[in-house]
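Hello,

Here is the structure I promised to pass on to you. Have a look at it first, and then read my notes below.

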Amino acid sequence: MAQNSKSVLLPMVAAAVFAGLGRMVLQKVKADRAARETRVAGPLDEKTRQWISDVVRTPRH
């Protein structure tokens, strides 16, 4: 009987995929924290809110 040799390729590919996914999740968490701390979009005054509302509702010609 031939002895079954276990492939090393599949576990290595699986580890690389999981490592990549973990890295993406960590980058997303860091980006969310940075965006929350810097608050790029600050509070808007009433005039700015009205202008944005008018621009969004008015069709372009």
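**What I found**

Valine 13 counts as partly exposed, because its relative accessibility is 43%, a value between the 20% and 50% cut-offs. Please keep in mind that this is a predicted model.

Where does valine 13 sit? Its place is in helix H1. That helix covers residues 9-38, which makes 30 residues. From its first C-alpha to its last, H1 reaches 43 Å, close to the 44 Å expected at 1.5 Å a residue. The number of buried residues among the 30 in H1 is zero, so the helix lies largely in the open.

Val13 is also part of a nonpolar patch on the surface, together with Leu9, Val17, Phe18, Leu21 and Met24. Together these residues have about 630 Å² of accessible area.

Now for some charged residues. Side chains of opposite charge can pair when their charged atoms come close. The structure holds one salt bridge: aspartate 32 forms it with lysine 28, and the closest N and O atoms are 3.1 Å apart. Because the two residues are four apart in helix H1, about one helical turn separates aspartate 32 from lysine 28. Aspartate 32 counts as partly exposed, with 35% relative accessibility.

Finally, the chain as a whole. The protein chain has two helices and zero strands. Of its 61 residues, buried ones make up 2%. Its accessible surface comes to about 6600 Å², and 63% of that belongs to carbon and sulfur atoms.

Happy exploring!

Methods. Residues are numbered from 1 along each chain as its sequence is written. This is a predicted model: local features need pLDDT of at least 70, side-chain atom pairs count only at pLDDT 80 or more; totals for chains, interfaces and linings use all residues. Side-chain values use heavy atoms; hydrogens and water are left out. The expected span of a helix is 1.5 Å times one less than its number of residues. Buried means under 20% relative accessible area, exposed over 50%, partly exposed in between (1.4 Å probe, protein chains only). Accessible areas come from the Shrake-Rupley method with a 1.4 Å probe; for residues, only the protein chains shown count as cover. Patches are made of residues with over 30% relative accessible area and no salt bridge: like charges are joined within 9 Å, nonpolar side chains (Val, Leu, Ile, Met, Phe, Trp, Tyr) within 5 Å. A salt bridge is a side-chain nitrogen of Lys or Arg within 4 Å of a carboxyl oxygen of Asp or Glu.
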